[in-house]
Amino acid sequence: SKMSYIRRTARAASGIFSSARALSVPIRTQARSMLHSSQDKAEFARCLFSIGQQRRSFQHRCSVRRAEAQEQVKESNAKEEPEAKAEEEKELSPMEALEKKVEELEKTIEDYKEGEKESQDQYTRVLAEMENVRQRAKRDVDNAKKFGMQGFAKSLLDVADNLQRATDAVPEEKLGEDESLKALHEGVVMTEKTLHSIFEKHNITKIAAENQPFDPNLHEGLYEFECSEREPGTVGQVVQEGWKLHERVIRPARVGTTKAPAS
């Protein structure tokens with residue numbers, strides 16, 4: 001058969017290699033004796049060149065035979081696998097072959113179902129992630145619209161404080177004595193009212209502090225003082241008004257809180 005032919009070819013190639021090795025020994029011995037007897041270096045060089053050519057030619061032929069043998073082994077294996085499979089199928093009865101085909105189809109369907117389930121799960125995850133990204137982006141846009149002017153509003157709070165100090169610094173009895181002072185005071189009061197109306201328009205509101213329970217989220221406590229008329233921990237004095245932009249505190253109210261009198 002083909003396998004026995006391949007084995008014979010391999011044994012023949014091995015024998016050729018052995019013969020070549022045996023043949024090369026006397027050739028090398030003869031070349032050495034030629035060099036020692038006549039000292040003809042040119043002839044010795046030609047002899048070595050001829051030996052090299054013969055050796056390379058022989059190696060090339062052996063490589064070709066080895067490659068042919070390997071290729072034949074591959075072809076034989078490739079032909080034997082379908083034949084073995086066909087023989088296995090021939091051994092099965094038509095009903096058994098049908099049942100085997102059905103099992104293969106059921107396994108393929110199960111694989112498709114698992115792949116579909118995994119794809120559906122990935123699709124659901126992607127949709128959820130996209131929704132989360134959309135919600136975060138919407139929240140960021142809303143916050144930017146609501147609190148984008150926070151820095152500017154916080155800067156205007158100092159203007160509101162100065163206007164309030166200006167109106168509080170003028171005694172009421174002085175307003176009736178000096179008409180120019182009265183006109184200036186009225187102008188400052190009107191400016192303060194206009195500024196507060198602008199604040200309300202943009203949802204900038206004062207934080208209720210006086211007579212309110214102390215809240216660390218809204219108030220900044222500066223000191224405590226004894227007071228028997230109010231509950232301990234109540235805001236009794238407001239040093240500086242606090243403000244909010246929408247629901248965010250942009251400046252807490254600076255306050256003094258009450259404590260129980262010493263017994």
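These notebook entries record what I looked up in one predicted protein model.

**Ground rules**

I number residues from 1 along each chain as its sequence is written, and my side-chain values use heavy atoms, with hydrogens and water left out. Because the model is predicted, I note that local features need pLDDT of at least 70 and that side-chain atom pairs count only at pLDDT 80 or more, while totals for chains, interfaces and linings use all residues.

**Entry 1: the overall layout**

I began with the elements, taking helices (H or I, at least four residues) and strands (E, at least two) as DSSP runs numbered from the N terminus. The protein has 6 helices and 6 strands, and reading from the N terminus I find the order α-α-α-α-α-α-β-β-β-β-β-β. I then looked up burial, where buried means under 20% relative accessible area, exposed means over 50%, and partly exposed lies in between (1.4 Å probe, protein chains only). Of the 263 residues of the protein, 17% count as buried.

**Entry 2**

Next I turned to strand pairing, in which two strands pair if DSSP finds at least two bridges between them. I found an open sheet of 3 strands, with the order 1-4-5 and antiparallel pairing. Its edge strands, each pairing on one side only, are strand 1 (204-206) and strand 5 (248-251). The twist averages 35° from one strand to the next, where the axes are lines fitted to C-alpha atoms (for helices over the stretch in contact) and angles run from 0 to 180 degrees between N-to-C directions. Strand 1 is joined by 3 bridges to strand 4 (residues 243-245), and the two run antiparallel. As one detail of this pairing, I noted that I204 has L245 in strand 4 as its bridge partner.

**Entry 3: salt bridges**

For a salt bridge I required a side-chain nitrogen of Lys or Arg within 4 Å of a carboxyl oxygen of Asp or Glu. How many salt bridges does this rule give? The count comes to 7, and I followed up several of them by name.

R134 and E131 meet through their side chains at 2.7 Å, N to O. Both lie in helix 3 (residues 94-147), 3 residues apart, which is about one turn of the helix. R134 is partly exposed at a relative accessible area of 44%, and E131 is also partly exposed, at 33%.

The side chains of R251 and D161 also meet in a salt bridge, at 2.7 Å from N to O. This pair links distant parts of the chain, with R251 in strand 5 and D161 in helix 4, 90 residues apart. Are these two residues buried or exposed? R251 has 10% relative accessibility and therefore counts as buried, and D161, at 8%, counts as buried too.

The closest N and O atoms of R254 and E220 are 3.6 Å apart, and the two residues form a salt bridge. Because R254 lies in strand 6 (residues 253-259) and E220 in strand 2 (residues 219-226), the pair ties together parts that are 34 residues apart in sequence. R254 is partly exposed, with a relative accessible area of 38%, and E220 counts as partly exposed at 32%.

**Entry 4: the second largest pocket**

I looked for pockets on a 1 Å grid over the protein atoms alone, where a pocket is an open set of points that a 1.4 Å probe fits, with protein on both sides within 12 Å along at least five of seven lines, and lining residues have an atom within 4 Å of a point. The second largest pocket has a volume of about 170 Å³, a volume being the space filled by probe spheres set on the points, which are joined across faces, edges and corners.

Which residues line this pocket? They are D161, Q164, R165, D168, V238, V239, Q240 and E241. Helix 4 (150-168) and strand 3 (235-240) each supply at least two residues of the lining, and the largest share, 4 residues, comes from helix 4. By type the lining divides into 2 nonpolar, 2 polar and 4 charged residues, with Ala, Val, Leu, Ile, Met, Phe, Trp, Tyr, Cys and Pro counted as nonpolar, Asp, Glu, Lys and Arg as charged, and the others, Gly among them, as polar.

**Entry 5: two positive phi values**

Most residues other than glycine have a negative phi. I found that N203 has a positive phi near 60°, and that its place is in the loop between helix 6 (179-201) and strand 1. N211, which is not a glycine either, has a positive phi of about 65° and is found in the loop between strand 1 and strand 2. N203 counts as partly exposed at 38% relative accessibility, and N211 is partly exposed at 46%.
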